Amino acid sequence: MSEETPIRVKDVMTQDFQTVDGMMTVKDGVCRMRDAGAVALIVEKRHADDEYGIVLLSDVARKVLAKDRSPDRVNIYEIMSKPVIGVDPEMDIRYCTQLFDKFGLSYAPVIDKGELKGIVSYASMVLRGLCRLAQGA
């Protein structure tokens, strides 16, 4: 793999992602995830100096369901992870997987010059990245 042209995050990321306001209820967020077939929501910045947040289905399970909290009464901002570790679209997926491993990530927003471009996951890096490599890119 080291002699091949590197596969970049931009080559494997998905540009079909969902963004939400942190004030949205968990119930509405989960319905949006279901309707879009998403497993993560990117929480929008509130202002220019703010950072993005992220909510995964596992966050909903651990922080709402397991604690018997009402999804109608819990806001996304209460269960999100923030700030998120974003990755550059030009990053080699080998380094991105190392970053995921080091920080215990499974998803990360792809951010280029402060602008949200997509979302990348272990699944997209393995399924799209390794398949591209096997096919000779």
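**Entry 1**

I started at Pro-83, which sits in the loop between α4 (76-79) and α5 (93-103). The model I am reading is a predicted one. I looked at the peptide bond between Lys-82 and Pro-83 and found it cis. Its omega is about 0 degrees.

**Entry 2: positive phi**

Next I looked for residues other than glycine with positive phi. Asp-68 is one of them, with phi near 55 degrees. I placed Asp-68 in the loop between α3 (57-65) and α4. Is Asp-68 buried or exposed? Its relative accessible area is 70%, and the cut-off for exposed is over 50%, so Asp-68 counts as exposed.

I found Lys-113 in the loop between β4 (107-112) and β5 (115-121). Lys-113 is exposed because its relative accessible area, 80%, passes the cut-off of over 50%.

**Entry 3: the three-stranded sheet**

I then traced a sheet. Three strands make it up, in the order β1-β2-β3. The sheet is open and its pairing is mixed. Which strands are at the edges? They are β1 and β3, each of which pairs on one side only. Direction ignored, neighbouring strands are turned by 35 degrees against each other on average.

I took the pairings one by one. β1 (residues 18-20) runs parallel to β2, with three bridges between them. Gln-18 has Leu-41 of β2 as its bridge partner. Between these two strands the chain passes through helix α2 (residues 26-36), and the β-α-β crossover is right-handed.

On the other pairing, β2 and β3 (residues 53-56) are antiparallel and share four bridges. Ala-40 is bridged to Leu-56 in β3. I also noted Ile-42, which stands opposite Ile-54 of β3.

I checked where α2 lies. The helix lies across β1, β2 and β3. It runs at about 165 degrees to β1.

**Entry 4: side chains of β2**

I went along β2 (residues 40-43) residue by residue. Ala-40 and Ile-42 point one way. Leu-41 and Val-43 point the other way. Are these four buried or exposed? All are buried. Side chains in a regular strand alternate between the two faces of the sheet.

**Entry 5: nonpolar cores**

In soluble globular proteins, nonpolar side chains tend to be buried together. The largest nonpolar core here has 13 residues. Which members touch the most others? I listed Val-9, Val-87, Cys-96, Phe-100, Val-120 and Met-125. The elements giving two or more residues to this core are α1 (9-12), α5 and β4. α5 gives the most, with three residues.

Leaving out residues up to four places away in sequence, Cys-96 touches Val-9, Val-87, Met-91, Val-120 and Met-125.

Notes: Residues are numbered from 1 along each chain as its sequence is written. Side-chain values use heavy atoms; hydrogens and water are left out. Buried means under 20% relative accessible area, exposed over 50%, partly exposed in between (1.4 Å probe, protein chains only). Two strands pair if DSSP finds at least two bridges between them. A crossover is right-handed if, with the strands pointing away from the viewer, the path from the first strand over the helix to the second runs clockwise. Axes are lines fitted to C-alpha atoms, for helices over the stretch in contact, and angles run from 0 to 180 degrees between N-to-C directions. Contact means heavy atoms within 4.5 Å. A nonpolar core is a set of buried Ala, Val, Leu, Ile, Met, Phe, Trp, Tyr and Cys residues joined through side-chain atoms within 4.5 Å.
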